[in-house]
Amino acid sequence: MNDRQDRPRQLGFDLSRIALLALCLLAFAWRLAGIGSQSLWRDEVDSIRFATQSLADLLGSFTRPGENGPLFFLSLRPWLALAGQSEFALRFPSVMAGVLAIPLTFMLARRLWRASGQSPPAAERGLALANVPLLSALLVAVSPYLVWYSQEGKMYAPLLALALAANLALLAAVEHGTWLRWLVYLGTLVAAVLVHVLAVLIVPVHLLWLVFLWPASRRSFAPFMGLLLALAVPYVAVAGWWQLRLFTTPDFQTGHAFVPLPDMAGVLITGFARGMGVPRTLWVVAPVIFLVLAGAVLGPGREGAPSGRIRLGGLLLSWLLLPAVGLFLITLRKPLFTDRYLIWVLPALAMLLALGIAALAHTWRPLGWAMLAGLIGLGLVGGWRQMHVPIKSDFRAAAAYVEARRQPDDRLLFLIPYSRYPYEYYAGPGAGFAEGPYTNNDNPLRQVEDEMARATADAPAVWLIASEEEMWDSRGLVRQWLEQHGRTMDSAAFTRVRVDRYDLLAPAVP
């Protein structure tokens, strides 16, 4: 009799694992399908520049003020040396990290369920709406936001995977209590912080997790605080001091605008559901908030004890909300919010949505299936749009256009000057480059005119290559000078990039 009862459970377990493997393979193919659809933008080209600089300079970035992500660039260095510097080579590690986040989400959801003191229902092992770990992994797989950063040559997909690994390592350390487990946790936490400095916001989340996991965690506070001290002392002594110094320096500007906390939440929810480059809409935000509340309050249904549901909801809500609140408090001093900095909280949102779907399905199964289908549909449509609609600055097309028409003596003038690097990635390094003067200050017009005269000296024509122009020349003085001293002979507009050719030998038309 026992063998007969165990057989369906074992079959369900196998189906769940097979489904997870199939999901990972499909997610891998989905991410590869659009890996080259968007042009590299300046931050991605920076990944190549920083990873291929001299080894001494790269190692020095671990302690140099203002640097972020040195471990990511160090790990990228041997890969680029082996695979080259193509778009595919740069972005492929992010594809792998993004796919790795799917089984990590599955494993973490199962551990959180168990850590909250609940016994998973039999359906959790099979292909059913009660299988919250598998639903969570599915939502991570189709999230257009996570697909986007799985196709970008930056540190955000690896950061997501490291944060999930750190969460798993903490739960394993709490459960087993060995120093080896705690050292593994310390290693993943250090790696995450060295990949992105704001990953340090995961520390208060983990501290609150120990509170929620009491009394099972009663012996974990001492090693947890000891490891944090072991991490904090060398970190602050070697690198952390400059972050505090920049944070308290009045003249230091982050380049970010202040974003209120409700807007931060709306950006994250909309990005998860619909992807990049879409406005925040109530018809998306409201159902997501409803599902999150349903998941946090109702939990997995009748199978879970009320105390377990409260504990599980607390674990997920603290992971989802506390980092955003922490970042908001930082922005009160220095505006610093960019949604990708909090990419690692999105699996918490996926798990809460999965719990909400399971709770609704327990009441009325068609409603649960409808909600799941809606989220999957939004994800797939958002991912398809990201692969077919240019969103990033299209230096690939801009460079091809200019290089096909550029004469040997033409001067290239960049606004912002940093745009030179993604342009050179596609066009190759060459002579005849100049930087547009910075005008977003109180410098007199005469100084701008002198700088423009020097930048364009002896050039018969100038190509103005402008991207994010307002960051450097919000008054439009550079373009104004070119129009006064030359005549527009060619123009083209690409996504976030505009190119104009000015003939300086021809008099301006009155």
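Let's start with a lining: by class, the second largest pocket has 17 nonpolar residues around it, no polar and no charged ones. Nonpolar here is Ala, Val, Leu, Ile, Met, Phe, Trp, Tyr, Cys and Pro; Asp, Glu, Lys and Arg are charged, and the others, Gly among them, are polar.

The model is predicted: local features need pLDDT of at least 70, side-chain atom pairs pLDDT 80 or more, while totals for chains, interfaces and linings use all residues. Numbering runs from 1 along each chain as its sequence is written, and side-chain values use heavy atoms, without hydrogens and water.

Back to the pocket. Its space is about 360 Å³. Nearest its centre lie Ala265, Ile269, Ile289, Leu320 and Leu321. Two or more lining residues come from each of α12 (261-274), α13 (282-298), α14 (306-331) and α15 (346-363). A pocket is an open set of points on a 1 Å grid over the protein atoms alone, where a 1.4 Å probe fits, with protein on both sides within 12 Å along at least five of seven lines; lining residues have an atom within 4 Å of a point. The volume is the space filled by probe spheres set on the points.

Now the sheet. Five strands, open, mixed pairing, order β2-β1-β3-β5-β4. Pairing takes at least two DSSP bridges. β2 (433-435) and β4 (487-494) each have a single partner strand, so one side of each lacks a neighbour in the sheet. β4 pairs antiparallel with β5 (497-503) over 7 bridges. Ala492 stands opposite Val499 in β5.

Last, α17 (395-405). This helix lies across β1 (411-415), β3 (461-466), β4 and β5, contact being heavy atoms within 4.5 Å.

Methods: Helix = DSSP H or I, 4+ residues; strand = E, 2+ residues; numbered from the N terminus. Axes fitted to C-alpha atoms, helices over the stretch in contact; angles between N-to-C directions.
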